[in-house]
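Subject: Structure handover

Hi,

Here is the structure I promised to pass on. My notes on it follow below.

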Amino acid sequence: RRFPSGEVSHADYKVAKGLDDAGLGQLTPEQLRAGRGAMATAFFGRHESDAHLYGTQWTVRGGDEGVAENARRLAATTQFNYGLRSL
C-alpha cells in the first residue's frame, strides 16, 4: 500500500521498530541491510519451490543455499522496496 511522503504503514513500522536496537527511531545502514536480508530470506523461504515463477534472475536451486542466494540478490538491489513488492 502506498502512502503520502513521510507516512509508513503499520506493518512497516512494526518491522522497523523491531530492527531499531538503540530506540532512536531511525535505522542505521547496518540495520537497513539486516532488515532487507531478513525480509528477502523470509520471502524466498516461503517461495523456495516456485522462485522461478518470479523471473529468470532467481535461482531454481532448492535448499538453504538457493534461498540465501536469491535473498542476497534481492537485498543488494538499489530498488529493494520496489523489487520486493513487485514479486
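Let me start with Glu69. This residue is buried, because its relative accessible area is 16% and the cut-off for buried is under 20%. Please keep in mind that this is a predicted model.

Glu69 sits in helix α3. Its side chain makes a polar contact with the side chain of Arg73, at 2.4 Å. Leaving out residues up to four places away in sequence, Glu69 touches Thr59 and Arg61.

Thr78 counts as exposed, because its relative accessibility is 76% and exposed means over 50%. It lies in the loop between α3 and α4, the latter covering residues 80–85.

Now the overall picture. The chain has 4 helices and 0 strands. Read from the N terminus, the order of elements is α-α-α-α. The C-alpha trace spans about 40 × 25 × 20 Å along its principal axes. The chain has 87 residues, and 22% of them count as buried. Take the contacts between residues at least 6 apart in sequence: 37% of these join residues at least 24 apart.

In soluble globular proteins, nonpolar side chains tend to be buried together. The largest nonpolar core here has 9 residues: Ala40, Phe43, Phe44, Ala51, Trp58, Val67, Ala71, Leu74 and Phe80. Helices α2 (29–46) and α3 each supply at least two residues of this core. Phe80 is one of the core residues. Not counting residues up to four places away in sequence, Phe80 touches Arg36, Met39, Ala40, Leu74 and Ala75.

Last, the cavity. How many cavities of 30 Å³ or more are there? The count comes to 1. The largest cavity holds about 30 Å³ of space. Its lining is made up of Phe44, His47, Glu48, Ala51, Thr59, Arg61, Gly66, Val67 and Asn70. By class, that is 3 nonpolar, 4 polar and 2 charged residues. Which helix gives the most to this lining? Helix α3 (residues 63–75) does, with 3 residues.

Best wishes

Conventions:
Residues numbered from 1 in each chain as written. Predicted model: local features only at pLDDT ≥ 70, side-chain atom pairs only at ≥ 80, totals over all residues. Heavy atoms only, no water. 1 Å grid on protein atoms, 1.4 Å probe; cavity = no way out; pocket = protein on both sides within 12 Å on 5 of 7 lines; lining within 4 Å. Points joined across faces, edges and corners; volume = space filled by probe spheres on them. Nonpolar A, V, L, I, M, F, W, Y, C, P; charged D, E, K, R; others polar. Core = buried A, V, L, I, M, F, W, Y, C linked by side-chain atoms within 4.5 Å. Buried < 20%, exposed > 50% of the residue type's maximum accessible area, 1.4 Å probe, protein only. Contact = heavy atoms within 4.5 Å. Polar contact = N/O pair within 3.5 Å; in protein donor to acceptor, adjacent residues only side chain to side chain.
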